[in-house]
Amino acid sequence: MVLRLSTLFLRTLREDPSDADVASHRLLVRAGYIRRAAPGIYSWLPLGLRVLNKVETIIREEMAAIGAQEVHFPALLPREPYEATNRWTEYGDNLFRLQDRKGGDYLLAPTHEEMFALLVKDLYNSYKDLPVSLFQIQNKYRDEARPRAGLLRGREFIMKDSYSFDIDDDGLEASYQAHRGAYLRIFERLGLEIVVVSAVSGAMGGSKSEEFLHPTPVGEDTYVRSAGGYAANVEAVTTVSPSEIDYSGAPAAQVVDTPDTPTIETLVAVANERFGRESGEWTAADTLKNVVLAVTLPTGERRIVVVGVPGDRAVDLKRIEANIAAHVEIGGELEVEAATDEDIKKHPGLVKGYIGPGLSVEEPVLGTESATGLLYLVDPRVVSGTSWITGANSAGKHVIGLVAGRDFTWDGVIEAVEVREGDEAPDGTGPLEAARGIEMGHIFQLGRKYAEALGVKVLDKNGKLVTVTMGSYGVGVTRAVAALAESNHDDKGIVWPRSVAPADVHVVATGRGEEIFEAAAKLSEELEAAGLEVIYDDRPKVSPGVKFGDAELIGVPTILVVGRGLADGVVEIKDRATGNAENVPVAEAVEYVRRAAAQ
Ligand code: ATP
Ligand code: MG
């Protein structure tokens with residue numbers, strides 16, 4: 001069916017919506033693809049649905065190609081499965097929770113690991129049933145703190161989520177790689193540039209994890225890359241520890257009086273003034289800064305942790321947040337912030353401005369046990385044999401030449417400081433540079449965490465019950481529509497890639513003559529008969545200027561204008577992306593468009 005603009009349910013807007021700050025949001029609303037229903041919640045209009053369906057079709061085809069089977073779960077789910085994995089609590093404020101008339105707890109699913117796991121548990125019981133990969137394309141609900149940029153971060157959005165079930169780690173690796181390949185093909189077909197970055201699996205637990213980022217300045221994710229091909233989410237960048245140093249000849253640590261030096265800056269100045277050394281000036285990198293943090297657990301408990309980092313580096317709370325789960329032995333949403341004065345006062349061993357490692361009050365320097373009982377973590381640059389100027393856990397005192405491994409120990413090592421441009425990539429492929437992107441897809445090896453919590457077991461070859469291992473894989477479908485509009489637009493409107501455009505050709509009839517509309521209608525039918533999808537602007541009393549403007553705003557790749565040229569037997573065919581226009585004889589127009597569409 002030719003889509004006739006005289007009857008199509010569409011109103012294009014001249015004005016930008018007032019709440020839109022990114023181009024894709026502005027243009028998708030103005031061109032009549034979506035309408036806002038509530039913050040972060042959108043309705044889909046006919047043109048929008050056509051694009052959305054095309055994106056979904058590409059995803060379905062590539063999922064089918066790796067043997068994944070489509071199912072469909074409800075979005076409205078009972079609390080119990082999410083209680084079993086602790087996510088009812090761990091998901092925090094992002095979860096939409098509700099009650100039925102009997103007071104039973106329900107949620108709107110933010111993701112579906114639990115349901116898939118339970119379904120497989122329900123129906124399968126032998127290693128012979130595995131591997132299996134299941135997927136769905138479905139609405140997800142997350143009460144995002146900052147819904148923004150239209151479809152880019154919604155509170156209701158469509159995700160393709162799939163889950164793989166395997167008997168062993170090799171199987172999981174194979175399922176993971178199959179999904180990785182499928183994702184690369186999906187984004188390739190969508191025409192969306194992608195950088196695959198290593199990620200931290202965070203709240204989900206599990207091990208290997210990668211994100212598919214689309215590089216764009218409007219992205220909220222910062223990632224780093226090296227010229228040699230390394231790419232990682234900032235949270236996932238690992239620091240190569242320097243080699244350990246033999247400290248057998250190192251001089252003993254020395255406690256010195258340093259009144260009024262509560263900052264790294266004043267400390268470096270005092271050290272150079274009073275304790276100069278032959279090997280050059282002291283710098284902030286010679287100091288060990290001990291930062292007191294408060295970690296809020298999903299249970300609401302507030303735990304104080306001290307992290308020791310080189311004084312020339314700022315702590316990065318997001319990196320700590322992403323990596324702290326292993327140290328506090330609890331998963332879920334962990335919130336890390338600087339401890340308040342109030343927090344610090346509760347621990348008499350913590351002397352603000354003079355905090356050192358070894359948090360014993362009586363033995364401020366060499367005490368290896370923290371009398372405060374607080375967890376003490378260090379940056380990977382703090383290795384055995386490195387020597388530091390740091391606080392002596394006593395007001396107005398610091399210590400010089402405090403040797404790691406000899407004079408103090410730590411409970412664990414954590415990625416705690418900012419990654420800087422120019423830092424070396426961990427795989428030695430050159431200095432890092434920062435870039436921005438938006439997460440389009442995410443794959444990770446969940447492992448056995450969920451299967452264990454929900455008791456998903458099968459009999460192995462020897463008749464023994466074993467827990468299956470899972471992978472979890474998501475693509476943001478509605479986000480992909482937005483990202484495509486974001487990266488394919490100009491000042492006039494959207495410029496859809498062919499793979500997802502709402503139509504192949506947009507026919508515009510301009511002028512008053514009856515014969516123009518007749519010719520345009522006929523051409524539209526012929527184009528349709530040739531297998532092309534056609535929008536036909538047959539509105540009788542709309543000016544050519546408005547029609548051209550709408551065609552460019554809507555963004556179909558080929559625009560065919562039937563107008564004045566018709567008297568000479570030609571129509572104008574214009575490429576939306578390049579702006580190139582050609583006069584083509586009417587008789588050759590269909591073939592011309594067909595060829596353009598096939599490219
Ligand atoms: P983000 O870091 O952007 O919040 P996420 O890591 O929470 O995303 P996942 O749980 O990995 O997201 O979900 C899989 C995919 O779903 C993401 O890669 C993204 O494309 C999409 N997605 C997640 N949250 C949203 C949202 N609020 N709106 C639209 N798409 C989303
Ligand atoms: Mg993710």
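The lining of the largest cavity in this predicted model comprises 2 nonpolar, 1 polar and 5 charged residues. The residues concerned are L152, R153, E220, D221, G437, I438, E439 and R479. Strand β22 (residues 432-447) supplies 3 residues, the largest share of this lining.

A helix pair was examined next. Helix α2 (residues 46-65) and helix α12 (residues 477-487) have axes that come within 10 Å and cross at roughly 115 degrees. The crossing of α2 past α12 is right-handed. On the α2 side, the contact involves V51, L52, V55, E56 and I59, while α12 contributes V477, T478, A480, V481 and L484. Of the residues in the contact of α2 with α12, 8 are nonpolar, 1 is polar and 1 is charged.

An open sheet of 3 strands was also identified, in which the pairing is antiparallel and the strand order is β5-β7-β6. Because β5 (76-78) and β6 (96-99) stand at the edges and each has a single partner strand, one side of each is left without a neighbour in the sheet. From one strand to the next, the twist averages 35 degrees. The antiparallel pairing of β5 with strand β7 (residues 105-108) extends over 3 bridges; L76 has L108 of β7 as its bridge partner.

Terms used
Residues numbered from 1 in each chain as written. Chains lettered and ligands numbered in written order. Predicted model: local features only at pLDDT ≥ 70, side-chain atom pairs only at ≥ 80, totals over all residues. Heavy atoms only, no water. Axes fitted to C-alpha atoms, helices over the stretch in contact; angles between N-to-C directions. Helix = DSSP H or I, 4+ residues; strand = E, 2+ residues; numbered from the N terminus. Left-handed = near helix turned anticlockwise from the far one by under 90°. Contact = heavy atoms within 4.5 Å. Nonpolar A, V, L, I, M, F, W, Y, C, P; charged D, E, K, R; others polar. Pairing = 2+ DSSP bridges. 1 Å grid on protein atoms, 1.4 Å probe; cavity = no way out; pocket = protein on both sides within 12 Å on 5 of 7 lines; lining within 4 Å.
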